[in-house]
Amino acid sequence: MQIINIINLLGGLGLFLFGMNYMSKGLSQVAGNKMKNLLEKLTRNRFKGFLLGVLVTAVIQSSSATTVMLMGFLNAGIMDLAQATGVIIGANIGTTITAVLIAIDVSAIAPICIFIGTAMHIFGKKQNQKYIGQIILGFGILFFGLKYMSGDSAMGVLKTSKMFQGFMASANNPVLGIIIGILICSVLQSSSAAIGVLQVLALQGLMPINFAIYLIIGINVGSATPLFLSSIGAKTNAKRAAMVYFIFDFVGMLIFTPIAIFTPFTDMLTRISSNGSVQVAAGHIIFKIVTALVLLPLVKQIVKLSEIIIKPVEHDSVFRFNYIDTKLSGHDNASISVVQIGSEVERMAKLVRKNYVLACEDLLKFSTEHEREINNNEELINWLNHNISDFMVTITSHRITGEASEYVGKLFHVITDLERIGDHALNITQRTQLAIESGLDFTDEGMAEIKGIYEKTLELFDRSIGAFVNKQLPDSEANELHFLEDTIDSLTLEAQDNHVQRLRDKKCHTASGVVFTKILQDLERVGDHSYNIAWAARKDKALIRQI
């Protein structure tokens, strides 16, 4: 095999990997959010989770991507490891769809797909049209790369290589095959890509199934490599999810290695089809399905095994108090607990501010870059809201009096206002996502109005939180905050009037206007709740001013 053949092989492999990755990203953009919402609403039924894992992975074409998504949910406390395990088992089956597509061999339509996909991606007016074009283009490039790899100038030259033929004639060592499979998958960072390369070799008659089966086993074991890399620095349950994925394929290796050695399993595969690519796909699918059937009833045992292997880390969960010590909630420590509550509410305020800034900055950039972070933070904000409230109920039962009692009473209102500001930040993110997915846009004037109101509300929020932290709201500051809140109301009304005029002048569309108006309402309500927070700093007996 000459250097030019190696270059051609690498070029074809590069096209194949790029096409697969590009198609997967397009699929994730079109269906990823819906798949994510399905996963978030997952029930504890392992069989439903299994089917959902098959569906999600079949759609986004990557079991690793599905498992990484699950690891994110585990980090955020949205689901537990038992729920995730069923999905991971299903994801291992869903990933075989790529092998089926390659076995069918639709490379003849690859050039047409490349042309259509390119046209849609470049000339598509709506974002979804561009994403669909990306899927079609990736699909075409993937199969074009496969065809190029299998050509006479690349892998085809191996047919005349005496060294390669001699190696394959004597290649029957299971351990060697599994090790090679693990290495290939670890390098390519994708089991689908590794199986695809194997299918190309088998299609050329260069990879007999009696040796290919060991490479398939090794490739599946090696598919856990990207997940272990993703779990570095993650929380314990996310690491355990990567371990569950590895356990699945390791158990599959223990099941299939003796089957391949001591039974006529490979003969059965040859009877399925004389096409080597189909044989590899069939072996890969059977490996996944049989392993899933064995392990699905053993979800609890798999979880326990992962817990034994990956030891828990103290304070692993993000859903915990940083300042409140629930052991000090007795009457003797009530004053200490009140101070701790104040610190915990301040922590909650910082999270709310971060979410509001991320949501508004994403809106101004017309992006959903921080959507996942905002959703994760919102989960923590809600957790803090409920648990701080519960803890304060416990504290008030110990008959705290004086300023401490008044302060705790006002904090009930403060955390409610903070939680609502967090909700409005999430609303803004969701409205931004809706506008992007629907191909809506706002005029430059409208975006400038949003920016102006956002900056005023952020100033009001910061000054209100400052008053709360310092427990001081002098009359002069109270008057200035009142004026700032009135300014926000006036800017909002002005922006609404300007929007109506733009509609009359046909400078913007009704659909965009609906989203624009709702965003203005969210911004204005953030100003209202921020103003409420400032009144928690009043030293007099007055309750918080509620707008």
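The protein exposes about 25,000 Å², of which carbon and sulfur atoms supply 60%. This value, like those that follow, derives from a predicted model. The protein comprises 22 helices and zero strands, and 51% of its 547 residues are buried. Among contacts between residues at least 6 apart in sequence, 80% join residues at least 24 apart.

The largest nonpolar core contains 65 residues, and I341, V345, Y356, I388, L418 and L523 touch the most other members. Two or more residues are given to this core by each of α17 (334-365), α18 (371-396), α19 (402-437), α20 (444-470), α21 (475-504) and α22 (510-534). The greatest contribution is that of α17, with 13 residues. Beyond its neighbours within four places in sequence, Y356 is in contact with A425, I428, Y454, T457, L458, L523 and V526. Apart from this core lies another, of 46 residues, whose members include F16, M23, A193 and I217. In soluble globular proteins, nonpolar side chains tend to be buried together.

Helix α6 (residues 110-123) was examined for its length and for the placement of its buried residues. At 1.5 Å a residue, its 14 residues should span 20 Å, and the end C-alpha atoms are 20 Å apart, in agreement with that expectation. Within α6, residues A110, C113 and G117 are buried. Viewed down the helix axis, the buried residues of α6 fall within an arc of 55 degrees and therefore line one face of the helix. The face of α6 turned away from this buried side carries the exposed residues I112, F115, I122 and F123.

A one-sided arrangement is also found in helix α14 (residues 265-272), where the buried residues are F265, T266 and L269. These residues cover an arc of only 95 degrees around the axis, which places them on the same side of α14. The buried residues of α14 pack against α11 (209-222), α13 (236-262) and α15 (276-295).

Residue Q134 lies in helix α7 (residues 127-149). With a relative accessible area of 8%, Q134 falls under the 20% limit and is therefore classed as buried. When neighbours within four places in sequence are left aside, the contacts of Q134 are Y22, M23, K25, G26 and H121. Of these contacts, M23 is also among the members of the core of 46 residues, while H121 falls within the residue range of α6, 110-123.

Key: Residues are numbered from 1 along each chain as its sequence is written. This is a predicted model: local features need pLDDT of at least 70, side-chain atom pairs count only at pLDDT 80 or more; totals for chains, interfaces and linings use all residues. Side-chain values use heavy atoms; hydrogens and water are left out. Helices (H or I, at least four residues) and strands (E, at least two) are DSSP runs, numbered from the N terminus. Buried means under 20% relative accessible area, exposed over 50%, partly exposed in between (1.4 Å probe, protein chains only). Contact means heavy atoms within 4.5 Å. The arc is that of the directions from the helix axis to the C-beta atoms. A nonpolar core is a set of buried Ala, Val, Leu, Ile, Met, Phe, Trp, Tyr and Cys residues joined through side-chain atoms within 4.5 Å. The expected span of a helix is 1.5 Å times one less than its number of residues. Accessible areas come from the Shrake-Rupley method with a 1.4 Å probe; for residues, only the protein chains shown count as cover.
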